[in-house]
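Here is a walk through one protein chain, from a spot on its surface to the packing inside. Have the structure open and follow along.

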Amino acid sequence: MVQLELQTLSQKLLHLKQQAEHRDLQGERSAYAKTAVLDERFSCRSDLFSDYVTELEQDLNRIHLLSEKTQDLELLQLYCDRFVGKFAMLQSKISKANRQAKQQAIPQQKRIQNWQKRLDKVMSSGNRSELHEKLSQQKQFEQQLEQKIAEKNQVLNRSNLKTDTARLSAEILSLKSRLGECQKTTWKLEQKINQIESRFKE
């Protein structure tokens, strides 16, 4: 019975490890504040969720070793229950961090959608002054994104931690994708302005 429970816990821990690594790669750096400070069951004092999963892996390995040395099922169950308590707490903290990240992403998506709606309206109206204003704003966005990419690259070049390198690479890739979309919009605006101004020259 205990061996079956340990196998189930190992599978669940593997899934939790994937969630923790994903959260860390997204730039989450408050695991200590959300975990260790609130629950002294963890001896880990890291800002990365994956380090707390490593502690759980060590706990589970010790229980496996203990199960091979003793037939005291009550003792094994006691250690399993303690493990489950730590596991459940960490899982709830990672799930909460995921929900908060999704909630923070919604306002940004709405801002992009609202900007696109205003842009489409200006494009369809053909108002030259408004088109030039939007073009100026687009070029500012491009400069801001290029600056962010340059800053991230500088940090990446100085980083030695594998986790930070992976996170920064993902952030740079996301910024480059946004920059590409921004440049497409800039090109469309320039084409629209050229079309309108060429009519006036004719």
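A patch here is built from residues with over 30% relative accessible area and no salt bridge, and nonpolar side chains are joined into one when they lie within 5 Å. Keep in mind that this is a predicted model. With that in hand, look at Leu75, Leu78 and Tyr79: they make a nonpolar surface patch of about 230 Å². Leu75 sits in helix α4, which covers residues 73-125. Its relative accessibility is 30%, so Leu75 counts as partly exposed.

Now for the overall layout. The protein has 6 helices and 0 strands, and from the N terminus on the order of elements is simply α-α-α-α-α-α. Of the 202 residues, 31% are buried. The accessible surface comes to about 13400 Å², with 50% of it belonging to carbon and sulfur atoms. If you take the contacts between residues at least 6 apart in sequence, 66% of them join residues at least 24 apart.

Which residues of the largest nonpolar core touch the most other members? Out of its 21 residues, they are Leu13, Leu16, Phe49, Leu56, Phe83 and Leu90. Helices α1, α3 and α4 each supply at least two residues of this core, and α4 gives the most, with 7 residues. Leu56 shows how the pieces meet: leaving aside its neighbours within four places in sequence, Leu56 is in contact with Leu13, Leu16, Phe42, Phe83, Lys86, Phe87 and Leu90.

Then there are the charges. A search of the whole structure finds 6 salt bridges, and three of them are worth a look.

| Salt bridge | N to O distance |
|---|---|
| Glu57 and Lys17 | 3.4 Å |
| Lys86 and Glu55 | 2.9 Å |
| Glu181 and Lys184 | 3.6 Å |

Start with Glu57 and Lys17, whose side chains meet in a salt bridge. Glu57 lies in helix α3 and Lys17 in helix α1 (residues 2-25), so this pair ties together parts that are 40 residues apart in sequence. Glu57 has a relative accessible area of 25%, which makes it partly exposed. Lys17 is partly exposed as well, with a relative accessible area of 28%.

What about Lys86 and Glu55: are they buried or exposed? Lys86 is buried, and so is Glu55. Their side chains meet in a salt bridge at 2.9 Å, N to O. This pair also links distant parts of the chain, with Lys86 in helix α4 and Glu55 in helix α3, 31 residues apart. Recall that Lys86 turned up among the contacts of Leu56 too.

The Glu181 and Lys184 salt bridge has its closest N and O atoms 3.6 Å apart. Both residues belong to helix α6 (residues 162-201), and because they are 3 residues apart there, about one helical turn separates them. An α-helix has 3.6 residues a turn, so residues three or four places apart point the same way. Glu181 counts as partly exposed, at 47% relative accessibility. Elsewhere, salt bridges that share partners join Glu55, Asp59, Arg62 and Lys86 into one network.

Note on methods
Residues are numbered from 1 along each chain as its sequence is written. This is a predicted model: local features need pLDDT of at least 70, side-chain atom pairs count only at pLDDT 80 or more; totals for chains, interfaces and linings use all residues. Side-chain values use heavy atoms; hydrogens and water are left out. Patches are made of residues with over 30% relative accessible area and no salt bridge: like charges are joined within 9 Å, nonpolar side chains (Val, Leu, Ile, Met, Phe, Trp, Tyr) within 5 Å. Accessible areas come from the Shrake-Rupley method with a 1.4 Å probe; for residues, only the protein chains shown count as cover. A salt bridge is a side-chain nitrogen of Lys or Arg within 4 Å of a carboxyl oxygen of Asp or Glu. Helices (H or I, at least four residues) and strands (E, at least two) are DSSP runs, numbered from the N terminus. Buried means under 20% relative accessible area, exposed over 50%, partly exposed in between (1.4 Å probe, protein chains only). Contact means heavy atoms within 4.5 Å. A nonpolar core is a set of buried Ala, Val, Leu, Ile, Met, Phe, Trp, Tyr and Cys residues joined through side-chain atoms within 4.5 Å.
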